[in-house]
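Reader: I am new to this structure and would like to learn how to read it feature by feature. Could you take me through it slowly?

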Amino acid sequence: MLEKILVPDIGDYSNVEIIGIAVNVGDTIKPEDELITLETDKATMEIPAPRAGKVAELLVKVGDKVSKGSAILMLELTDAAAKPQAAPVANPTTTNAMPQQVSSSVAERRDGLVERRVGAPDTRENPVERRVGPAERRQVNTANLPSQHNVYAGPGVRRFARQLGVDLNQVSGSGRKSRILEDDVQDYVRDALSNGPQTSGLNITPAQEIDFTKFGAITVQPMNRIQKISGAFLHRNWVTIPHVTQFDEANISELEAFRQGQKDVAEKQGVKLTPIVFIMKAVVAALKQFPKFNASLSANGEELILKQYFHIGVAVDTPNGLVVPVIRDADKKGLFELAADLGTVSKKAREGKLSGADMQGGCFTISSLGGIGGTAFTPIINAPEVAILGVSKAQQKLIFDANLSGENKFAAQLMLPLSLSYDHRVIDGADAARFTAFLVTLLADIRRLLL
Ligand code: CAO
């Protein structure tokens with residue numbers, strides 16, 4: 001039995017923006033589990049589940065505006081839950097870490113909402129007052145901070161970030177459902193300060209404000225949130241990491257024949273077997289062979305952190321911009337399972353449903369433009385990773401083969417272009433050439449891949 005879950009009475013507010021969605025389709029939820037977070041200019045409110053069930057359909061997305069009675073989701077009721085229940089009781093500890101302190105500013109409402117008011121005596125805000133005095137506060141220039149509307153953080157943390165001039169879009173949340181906590185903002189500032197010298201001294205001329213209407217008609221299109229966030233990260237990575245790109249080509253004629261042979265089998269299992277799945281397998285094998293590629297530099301640049309896990313990021317092109325979801329434990333998965341995972345994350349990415357956690361923890365990224373075209377490109381490293389593999393479109397080429405009998409020693413082969421960008425502080429050119437040569441060998445002989 002399906003029930004439409006509505007926004008309950010939220011007092012005087014209407015048209016309130018959704019800043020976080022805590023559930024996904026298929027999630028089993030209990031009464032009082034947080035469903036969505038709303039934010040007004042004065043408070044954030046968590047809307048809890050009125051009853052137990054399984055989320056059948058989400059009817060809202062982050063950024064939507066809702067009022068009392070707006071539909072949130074369709075809930076498939078379990079037998080027990082189908083019976084009428086009393087309204088849920090608000091649970092202040094669902095808000096975040098430091099529950100005692102938070103509860104001091106939490107108003108528990110009869111209708112089960114958890115409401116925290118900006119300016120309420122939230123003791124977490126007091127340290128901020130001590131740390132940032134009025135004089136320093138005036139100097140913080142927040143005018144250039146991008147909109148922080150769609151990040152998942154309470155008003156106290158938002159205020160703290162604003163006072164320090166921190167763009168919350170850049171901060172990873174360690175709280176429940178990736179909510180950003182005050183500690184996360186502090187860690188971010190600490191890292192930024194310790195990494196400061198890396199970016200200083202660039203002395204970049206600021207972009208000029210140009211009135212293009214002087215030259216002709218224009219339309220102005222605001223950059224969306226994903227573009228703004230990824231743009232900031234790409235810029236930082238491009239200017240702070242010494243990039244070099246190593247190019248190579250893999251003969252994937254055999255792999256392609258095998259893939260075509262398995263396509264129907266894969267389709268029957270509901271998955272799409274594209275070359276990237278084989279490339280993922282080959283990359284995992286190469287990361288095992290060359291552990292430096294499965295590493296990150298420590299914040300002070302003095303240690304290399306070698307990872308024992310193999311989580312592979314895949315760049316996905318979405319209508320809103322580029323995102324990089326991470327496929328976890330790729331070393332433990334077969335080709336079909338990887339294909340299924342890729343299908344799931346790229347669908348989620350295109351529907352704008354990826355959570356922060358879906359995009360964290362990657363070891364190495366693959367960026368494939370192979371479905372589109374091009375012969376090579378120079379991908380930007382997805383820090384804190386130290387390398388990224390760009391994949392371009394495979395083409396039939398005449399390749400010389402001395403072992404061929406007869407006069408004609410050229411045969412048509414399907415060649416896959418690979419572009420490996422690497423952080424030259426961590427990886428030497430010779431290592432990169434060995435890494436790509438290893439990939440080429442694996443992709444040319446898929447029997448090795450299966451070993
Ligand atoms: N060479 C030739 N053909 C290729 C290929 C390659 N390297 N890679 C994929 N193809 C083929 C696929 O086999 C498929 O054809 P068939 O249906 O006949 O099998 C077709 O191209 C389309 O593939 P796809 O792009 O839908 O699927 P994928 O698994 O290769 O890629 C994904 C999935 C999510 C990586 C891709 O959809 C995507 O978003 N790519 C863009 C990533 C991007 O923007 N990177 C740039 C970052 S830098 O700005």
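**Around the ligand**

Author: Let us begin with the ligand, where an oxygen atom lies 3.3 Å from an N or O atom in the side chain of arginine 259. Please keep in mind throughout that this is a predicted model.

Reader: Which side chain has an N or O atom 2.5 Å from an oxygen atom of the ligand?

Author: That side chain belongs to threonine 274, while a nitrogen atom of the ligand has a polar side-chain atom of serine 367 at 2.9 Å. Taken alone the ligand would expose 970 Å², and the protein buries 72% of that area.

Reader: How many residues are around the ligand, and which come nearest?

Author: There are 24 residues around the ligand, of which Thr274, Asp317, Arg350, Ser367 and Ala394 come nearest.

Reader: Let us turn to the aromatic rings. How should I read a pair of them?

Author: A pair of aromatic rings is described by two quantities, the distance of the centres and the angle of the planes. A search of the whole structure finds seven aromatic pairs. One of them is formed by phenylalanine 293 and phenylalanine 435, which are stacked, with 4.1 Å from centre to centre and 20 degrees between the planes.

Reader: Why does this pair tie together parts that are apart in sequence?

Author: Phenylalanine 293 lies in the loop between helix H9 (275-289) and strand S12 (295-297), whereas phenylalanine 435 lies in helix H11 (residues 429-444), so the pair ties together parts that are 142 residues apart in sequence.

Reader: Are phenylalanine 293 and phenylalanine 435 buried or exposed, and which residues do ring pairs link into a cluster?

Author: Both phenylalanine 293 and phenylalanine 435 are buried, and the cluster linked by ring pairs consists of Phe290, Phe293, Phe364, Phe435 and Phe438. A ring can also have a charge over it, as with phenylalanine 310, where the charged end of lysine 288 sits over the ring at 5.4 Å from its centre.

Reader: Now for the backbone. Which peptide bond is cis, with omega near 10 degrees?

Author: The cis bond runs from alanine 383 to proline 384, and proline 384 is found in the loop between strand S18 (364-368) and strand S19 (387-391). The backbone oxygen of proline 384 is reached at 2.7 Å by the side chain of serine 296. Serine 296 is found in strand S12 and is buried, with a relative accessible area of 6%, and its side chain also has a polar contact of 2.6 Å with the side chain of lysine 307.

Reader: Where are glutamate 32 and aspartate 329 found, and what are their phi values?

Author: Glutamate 32 has phi near 80 degrees, a positive value in a residue other than glycine, and its place is in the loop between strand S3 (28-29) and strand S4 (34-39). Aspartate 329, which is not a glycine either, has a positive phi of about 45 degrees, and is found in the loop between strand S17 (326-327) and helix H10 (335-350). Glutamate 32 is partly exposed, with a relative accessible area of 27%, and aspartate 329 is partly exposed as well, with a relative accessible area of 27%.

How values were computed. Residues numbered from 1 in each chain as written. Predicted model: local features only at pLDDT ≥ 70, side-chain atom pairs only at ≥ 80, totals over all residues. Heavy atoms only, no water. Phe/Tyr/Trp six-rings, centres within 6.5 Å; stacked < 30°, edge-to-face > 60°. Helix = DSSP H or I, 4+ residues; strand = E, 2+ residues; numbered from the N terminus. Buried < 20%, exposed > 50% of the residue type's maximum accessible area, 1.4 Å probe, protein only. Lys NZ or Arg CZ within 6 Å of the ring centre and 35° of its normal. Near = heavy atom within 4 Å. Polar contact = N/O pair within 3.5 Å; in protein donor to acceptor, adjacent residues only side chain to side chain. Areas by Shrake-Rupley, 256 points an atom, 1.4 Å probe, with all protein chains shown as cover.
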